[in-house]
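Dear colleague,

I am passing on the structure we spoke of, for your files.

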Amino acid sequence: MKLDRTNVKSAAKYPTKVLQFGEGNFLRAFVDWMIQKMNNEIGFNAGVDVVQPLPTGMVDLLNKQDGLYHVYLKGIKNGQPVKEYEFIQCINRGINPYTEFETYKETILNPELRFVVSNTTEAGISWDENDTLDMQPQQSFPGKVTALLYERFKAFNGAADKGLIFFTCELIDRNGDMLKKYVLKHAESWNLGAEFKQWVETACAFCNTLVDRIVPGFPKDDIKEIQAELGYEDNLVVVGEYFHLWVIEGPEWVAKEFPADKAGLEVKFVKDMTRFREQKVAVLNGCHTGSYAVSYLSGIETVREAYEHLEVGDFMKGLVYDEVLPGLDGTEKELKQFANKILERFSNPYIRHLWQSIALNAMSKWETRNLPSLLNFVNNYNMLPQKLVFSLAAMIAYFKGETEGQSYNVQDDEWILNFYQKAWEECDGRPISVYRLVEKVLALEKVWKQDLNQIPNLTITVSHYLFLIQQVGMKRAMKAVLNAKNPLMKMTIEGKAKEAAQ
């Protein structure tokens with residue numbers, strides 16, 4: 001039976017109070033799941049309109065099912081294995097603003113709208129100088145938000161209660177602050193006036209948030225069995241782990257308007273989320289992004305298989321315990337306990353988390369999740385963290401799109417894909433050619449916010465590892481870095497790298 005509101009007449013309908021930018025698996029298994037819990041447990045009575053932030057996406061499929069789908073949680077609950085379904089019925093509609101601008105505008109001017117949630121990837125909150133107020137819609141997410149707010153400001157004559165509360169879920173530092181910064185910058189660039197900027201400052205809240213739940217996504221391998229169990233042809237089933245955490249930094253009154261913690265959810269409202277974010281992004285997300293290319297190019301498709309693999313698992317643990325934790329604030333005992341709890345989740349027997357899904361937009365993810373750890377290590381110890389450096393080389397190898405004669409799909413911004421295609425075509429495999437390829441990658445200040453070639457010995461060491469990966473394959477190259485556990489070995493590796501590049 002098809003899953004839609006015709007066949008499920010009992011599906012609830014809620015007034016739209018949330019505008020969500022992003023229709024992907026994570027928001028549907030995290031925020032929409034929470035809103036449904038709040039509706040069920042404390043009568044939050046909130047519906048969601050979902051905006052597709054890019055011209056292509058999934059809102060057509062979402063609308064085909066009238067916003068209905070199931071979240072399938074699998075993991076450990078109170079020490080016991082658990083599998084449970086949650087029927088999500090809080091989404092009212094999906095909107096493609098590129099083809100349905102009037103519908104999009106209608107949602108923006110909804111007087112009951114109070115919250116905006118977003119996950120536009122790490123690259124989503126960025127400045128686009130080409131955005132203009134009259135575009136329908138603007139290209140960038142901050143541009144869309146500025147126009148959205150200006151429409152509300154005009155329609156409701158600057159009423160304080162018609163401001164919006166933003167929960168930005170992008171994995172960048174101070175995500176809410178960054179969005180607000182670019183909104184005010186657009187307001188200035190577009191000459192929207194002092195009164196509008198004051199309204200943005202006082203009537204709206206841009207909350208920095210930290211999200212944590214592993215969401216593998218659509219269970220394509222088990223979907224037939226799951227659909228049979230559900231009794232519906234649900235093509236939007238999303239799998240997630242049972243563990244979840246949402247840390248929200250914002251004004252105290254926000255917690256009263258969005259009382260997720262009162263629904264038994266792990267939502268923490270804090271005055272300063274810095275420590276929470278640094279630890280989570282560096283350890284969980286950093287291990288994912290720092291390990292995906294090493295694992296995938298070793299022939300391993302999932303996080304669990306990699307973590308339980310003797311050598312790849314050692315690489316993942318060594319990256320976290322030896323190179324990431326030393327740069328974080330906190331006692332050694334506290335940090336190890338936190339890392340233990342995080343890494344245990346990688347062994348969840350119910351979760352099939354594909355490395356290919358983690359690989360999406362890997363360049364911006366590595367800059368956000370791994371580069372700070374590398375820089376901290378260099379600053380603290382005046383030497384390079386070998387596993388992090390190797391992960392950088394592995395990522396460059398991954399962007400070749402081919403290993404051992406087998407090609408695979410690489411997903412990232414188009415300009416990045418074009419850059420790597422040209423760079424790899426120009427690389428003839430000689431050490432000096434590999435070195436020049438690495439130089440070009442590390443010089444991408446658009447990604448790294450700096451020229452990484454300026455870090456002593458980084459270019460030569462990355463090129464050595466990349467050359468090694470190309471010559472002997474990922475598995476044998478990884479063994480070399482696993483053996484580089486002391487400064488003497490490090491110096492030897494760098495010496496050989498310099499010889500190879502000459």
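A residue is called buried when its relative accessible area is under 20%, exposed when it is over 50%, and partly exposed in between. Please keep in mind that this is a predicted model.

By that cut-off Glu249 is buried, because its relative accessible area is 10%. Its side chain meets that of Arg174 in a salt bridge, 2.5 Å from N to O. Arg174 sits in the loop between β7 (165-168) and α6 (175-189), while Glu249 belongs to strand β10 (residues 245-249), so the bridge ties together parts that lie 75 residues apart in sequence.

The number of salt bridges comes to 26. Two others that I looked at are as follows.

- Asp161 and Lys162 form a salt bridge, and their closest N and O atoms are 3.5 Å apart. Asp161 counts as exposed because its relative accessible area is 51%, whereas Lys162, at 15%, counts as buried.
- Lys400 pairs with Glu402, with 3.9 Å between the closest N and O atoms. Lys400 is partly exposed at 33% relative accessibility, and Glu402 is partly exposed at 30%.

Salt bridges also link Asp49, Arg93 and Glu106 into a network.

Now to the nonpolar residues. In soluble globular proteins, nonpolar side chains tend to be buried together. In this model the largest nonpolar core holds 83 residues, and those with the most contacts inside it are Tyr292, Met363, Phe390 and Trp448. Helix α17 (residues 386-398) supplies the largest share of this core, 10 residues. Apart from it there is another core, of 50 residues, which includes Leu62, Val82, Val211 and Trp246.

Which residues does Phe390 touch, once its neighbours within four places in sequence are left aside? Phe390 is in contact with Val294 and Phe315, and also with Tyr465, Ile469, Met474, Ala477, Met478 and Val481.

Best regards

Terms used
Residues are numbered from 1 along each chain as its sequence is written. This is a predicted model: local features need pLDDT of at least 70, side-chain atom pairs count only at pLDDT 80 or more; totals for chains, interfaces and linings use all residues. Side-chain values use heavy atoms; hydrogens and water are left out. A nonpolar core is a set of buried Ala, Val, Leu, Ile, Met, Phe, Trp, Tyr and Cys residues joined through side-chain atoms within 4.5 Å. Buried means under 20% relative accessible area, exposed over 50%, partly exposed in between (1.4 Å probe, protein chains only). Helices (H or I, at least four residues) and strands (E, at least two) are DSSP runs, numbered from the N terminus. Contact means heavy atoms within 4.5 Å. A salt bridge is a side-chain nitrogen of Lys or Arg within 4 Å of a carboxyl oxygen of Asp or Glu.
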